[in-house]
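Student: I am new to this structure. Can we go through it step by step?

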Protein chains: 4
Amino acid sequence: MNHEFEKVTDKNTIKKIGIVGATGYTGVELLRLLAPHSDVEISYVTSRSNAGMRVDAMFPNLRGFIDLEFSDPSTDALAQCDLVFFATPNGVAMNHVPALLEAGTKVIDLAADFRIKDLDVWAKFYSMEHACPNLVAEAVYGMPELNRDQIKGARIVANPGCYPTAVTLGLKPLVDASLIDLDNIIADTKSGISGAGRQANVSTLLSEAGESFKAYAVQGHRHQPEIAQTLSLLSGSKVDLTFVPHLLPIIRGIHATLYTREIEAGKTDLQTLYENTYKDEPFVDVMPAGSHPETRSVKTSNMCRIAVHQPEAGSQIVVLSVIDNLVKGAAGQAIQNMNLMLDLDETMGLMQPALLP
Amino acid sequence: MNHEFEKVTDKNTIKKIGIVGATGYTGVELLRLLAPHSDVEISYVTSRSNAGMRVDAMFPNLRGFIDLEFSDPSTDALAQCDLVFFATPNGVAMNHVPALLEAGTKVIDLAADFRIKDLDVWAKFYSMEHACPNLVAEAVYGMPELNRDQIKGARIVANPGCYPTAVTLGLKPLVDASLIDLDNIIADTKSGISGAGRQANVSTLLSEAGESFKAYAVQGHRHQPEIAQTLSLLSGSKVDLTFVPHLLPIIRGIHATLYTREIEAGKTDLQTLYENTYKDEPFVDVMPAGSHPETRSVKTSNMCRIAVHQPEAGSQIVVLSVIDNLVKGAAGQAIQNMNLMLDLDETMGLMQPALLP
Amino acid sequence: MNHEFEKVTDKNTIKKIGIVGATGYTGVELLRLLAPHSDVEISYVTSRSNAGMRVDAMFPNLRGFIDLEFSDPSTDALAQCDLVFFATPNGVAMNHVPALLEAGTKVIDLAADFRIKDLDVWAKFYSMEHACPNLVAEAVYGMPELNRDQIKGARIVANPGCYPTAVTLGLKPLVDASLIDLDNIIADTKSGISGAGRQANVSTLLSEAGESFKAYAVQGHRHQPEIAQTLSLLSGSKVDLTFVPHLLPIIRGIHATLYTREIEAGKTDLQTLYENTYKDEPFVDVMPAGSHPETRSVKTSNMCRIAVHQPEAGSQIVVLSVIDNLVKGAAGQAIQNMNLMLDLDETMGLMQPALLP
Amino acid sequence: MNHEFEKVTDKNTIKKIGIVGATGYTGVELLRLLAPHSDVEISYVTSRSNAGMRVDAMFPNLRGFIDLEFSDPSTDALAQCDLVFFATPNGVAMNHVPALLEAGTKVIDLAADFRIKDLDVWAKFYSMEHACPNLVAEAVYGMPELNRDQIKGARIVANPGCYPTAVTLGLKPLVDASLIDLDNIIADTKSGISGAGRQANVSTLLSEAGESFKAYAVQGHRHQPEIAQTLSLLSGSKVDLTFVPHLLPIIRGIHATLYTREIEAGKTDLQTLYENTYKDEPFVDVMPAGSHPETRSVKTSNMCRIAVHQPEAGSQIVVLSVIDNLVKGAAGQAIQNMNLMLDLDETMGLMQPALLP
């Protein structure tokens, strides 16, 4: 192979990017998506346990695209970057972010350190004390369909969880329009197994999770308060919801099936409401009436596809919302946020059709 | 191979069994489960399009177990059997059943011809007129946990649908005890793809349905009125429910996630209620509190495993119910019914642990 | 969704592309890869059975990328294109190619009509007479690593088969260097199921082909004479080989395991030979010594990754070669050929990292 | 569930069975297959790390079938058993076997401690010194098709490896008949991922091994010397072979594709040779001429299905051999050996059709 894949870039304006914790699935997905991005260069990639190893020795899909080794994380080196992604476990980013912001480096955290505004809720669900509570208040929740303008000006963005992205985009038009009973929302969600991460684990072996399906965390999942917080902000009143996640025997994909009740049945044309809500969004696709979006229709893509149904024309509303958990649910949405924060075209590096078949 | 697999059977008391339409998945599953059954012999297996072909040429797993060819269906030959299974498309059994009952042969229909008592509902959902409406009234709905005694005396049994089995067993304790709001039941169900049958079809190709997940028939599915009928009979009042099926990229397994509201929150210990309801049932297993049953825990087995949850100790109840759609959801439950109808031990041929991994 | 995805293109130099038979997997893969290609526009897409249907109604991954309907194939309309791809069943292209070449339109056939130079062999393996034998002689076999210069000047290119691509690239260095016993070559090959196409078929259902593995066509497969022809041309003497294909329960990917014997054991450093052979190739990647390339390392990519082994340092050589059957094995290689034929950069539209995970 | 699944057994003659290391896949498969076996009872099941835990809490498929807890391994308790299975990692059994044999307890080792007669080869491939070399000589290689009579009288049986079972049964007729060139045997083998065991491991996660395929250990695999030893004993001369294993993205199943050359092409009717060799074997099924056995045709079953081909009627022979790696490749063959050692019917507990679909 001719290893001279060269991006045509302008060395004066190109932005330097760092990735902390690049050996997990969100990390390698950032690398895959950023490699051909014409306005950024990946200049620093860290992994404590693999320092010194070539990135493409671990991820051969990147041979010819990423000519870097993993480094031990160094705040000084990270501070040379224009923007740093944290693709680390919960609780890591919060210990490094203050120094980076101080140095003028912008930060996107793909973990949960800056998602929950209520520090007590955060401490309860993540079982630790927060290291920089003041920055939690400053951090912008990085869902462009909700907070585009704030993201543009942000120093620190909390990239949303995968389930919250699918659920929130699915419910936003109904909540915005105050159409539904906020006390009766059920989110039955199903995720591909890459959402469980790239950790050695018996329960996510192919022999254990293949050819099977199950619910998990029915008693309480960390994404429940995240969704509830966002819907409460949108609606202006406290929203609770029943949230049940399930594990799909596929690698990529989230499907949210959302059940809620219209307060006045038949009052609104929901199809039109959804189409209007998202008509200017590059990454939310309202499917034709009667559709059943498949997770594969967004595989590898930053798109969220949504269909809204009213079975039997009653008050029951059923919304179907699909994303690729590693793209719109993680690395793709993070790059969408990066583009906004760096004043680039919001869709750069993200306009590829999904993979089918 | 020594092709002399011989069951130890008593030629005087052994029952003769016929299977109409044995080339589909419920048909071959009947053959797999009945082959080692010590008190019956499969004496007649029909397939119009494959008449003359050896059964084990189509299904090599049966080599050494089934020494038969497919025959053209003949009512005379079927009438020589003690009991005939119809593993045929909807609308076939109803044309043959009257003559067989006349001849003294018992019948179990694995399709939907005899499941719905309301002939108008049936005609609407199955798009045809019924050929023998009087036998619909006579037919017993073959769910032993509900109708064991009537099944024992039945000439004609309507074997339940796969989804209705998982959903009904999951909700029965709550409905029996009049604990829940019957106007607010949601069944979010997921089925392995063998439920779509063994027909040439683009949408169920591995390349189409693999590595993907979707809902279907959100506007209305045939199993909705079947479930509603059973729950209405159990409760004594009209029950509607929201029923949304999804397609899993696995071969076998159904997972029903059931959402309902307790009328008086916290009134009843649901775990004890479920355990008491099913304590004498051979094929319903109430899992320990807090469990999340996996579909693989029942793969190849006639068991239904159920867990009941109350997240956050509120009024919301979440029930998880799993079956193998081809066993408890079809052929296994049919054999359970056969055992009852032929006065055999109800569990004969069905007591194998599920396959894991 | 904002449906205004606009490629930045130069309307004066952009090339018009037609695709005949775009409803199969090679067709939709051409659409997926060409949609973002900056120097071509897809102007005409045909499907006899789906004429009038929007392309993105069949393939929702293309929503926002392809604003076209399927048309009935018309030679006049196709002749307006600069280049036409035939993604049709074998035997279709040969009936349309003469008129298109006459009109000055270039053609790439992704089926087998122009691959085999010996018309008797072709007739035997494809069970029909050839419609334009003279063009078979003219057609260039479209493997750039073998025939780059001829492809640049070609009017008609025969795009190679998927297995032949993986096998030929795997063996070329050894054959070129006259190192191996040409009478003792075994190609044990395994293909993902998308290679079987998008036809309704029982044997490729998820329920049939999932969780299973088998060989097929051991008595003779159409790709055997295609590979033998190419290796014979490369070596200058008649090469036969034993070719056994197998069906993998995955959607995309081919793995060829190639066994041959070195004439003089230990004479040559095979790793260096392979690296030198492919050092300037953009789409052949010789992996480090001792590697075992995974099919997923090329999924969605036009790369072929190869490793060469000599177990126990004897004369036995084992070559491992992987491609994505729909990309380097079909649509990607076709676009590589298109780029060459239209005097564009050979790698345009094809420089994306493979998908992992 | 009524937890009173009771086997009809004769308490005077029933044999007591112990299983050491029952938390791996061969262990749970022994439990699944032995639970309904009418002439044995599982009386002692060990797991050092899970002592005190109910067996069915780890493996819910066994609820109602196995009413035991895991125990810490105790030689005294094991010595109360008639026969003990070691389903442990390599190197464990050899430390416990001498004391058990002393106590009159028979042993079947499902690991590799007693498979290789040449202690130097064993030490090289398993990287340790043997703890009881004299018992290696005594141990019988537990492949009933080769060594039935010795197994019947054995105190200690070395259960064969999974690949060696498929390869040896596939080649035995040719080697016995001295038909093939023993210097030119290639075994291209593919295994389902349960063969890698139930250990936490990144490389066998569904996200890593799903939707992919690769070779591994091309430079040398432990099963190569095991196969070479058996074929050398069968042929009376030293046999080497090229052995390349691959990892399939399925849970269960091995497919061996075996390539060898007939010394005198066309001398023998291979189909008849194979059928005659195995005509009295209960668990080797020679498929009709021209067949391509699928791994699913033996899934869950103790059967090995074989097809023999001569492509193009030349000297090249291609043999296809499939087993379930956890049944005939491990626990099923071990039970077949147990039946022989305990003077029971060889097929007891093993006569179930394979699972399809």
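Tutor: We start with a helix pair in a predicted model. Helix α7 (residues 144–152) of chain B and helix α12 (residues 327–341) of chain B have axes that come within 9 Å and cross at roughly 35°.

Student: Is the crossing of α7(B) and α12(B) left-handed or right-handed?

Tutor: The axes cross at roughly 35°. The crossing of α7(B) and α12(B) is right-handed.

Student: Which residues of α12(B) make the contact?

Tutor: From α7(B) come Pro144(B), Arg148(B), Ile151(B) and Lys152(B). Facing them, α12(B) supplies Gln336(B), Asn337(B), Leu340(B) and Met341(B).

Student: How many residues of the contact of α7(B) with α12(B) are nonpolar?

Tutor: Two residues of this contact are polar and two are charged. The nonpolar ones number four.

Student: How many residues of chain A are in contact with chain B?

Tutor: Chain B brings 37 residues to this contact. Chain A brings 37.

Student: Which helix of chain B supplies at least two residues of the side that touches chain A?

Tutor: Several strands of chain B each supply at least two residues there, including β7 (186–191) and β13 (316–323). The helix that does so is α9 (206–209).

Student: How many residues of the side of chain B that touches chain D are nonpolar?

Tutor: On chain B, 35 residues are in contact with 35 residues of chain D. Both α1 (25–34) and β11 (284–286) of chain B supply at least two residues of that side. By class, seven are polar, seven are charged, and the nonpolar count is 21.

Note on methods
Residues are numbered from 1 along each chain as its sequence is written. Chains are lettered from A and ligands numbered from 1 in the order in which they are written. This is a predicted model: local features need pLDDT of at least 70, side-chain atom pairs count only at pLDDT 80 or more; totals for chains, interfaces and linings use all residues. Two residues are in contact if their C-beta atoms, placed from the backbone, lie within 7 Å. Helices (H or I, at least four residues) and strands (E, at least two) are DSSP runs, numbered from the N terminus. Ala, Val, Leu, Ile, Met, Phe, Trp, Tyr, Cys and Pro count as nonpolar, Asp, Glu, Lys and Arg as charged, and the others, Gly among them, as polar. Axes are lines fitted to C-alpha atoms, for helices over the stretch in contact, and angles run from 0 to 180 degrees between N-to-C directions. A crossing is left-handed if the near helix is turned anticlockwise from the far one by less than a right angle, and right-handed if clockwise.
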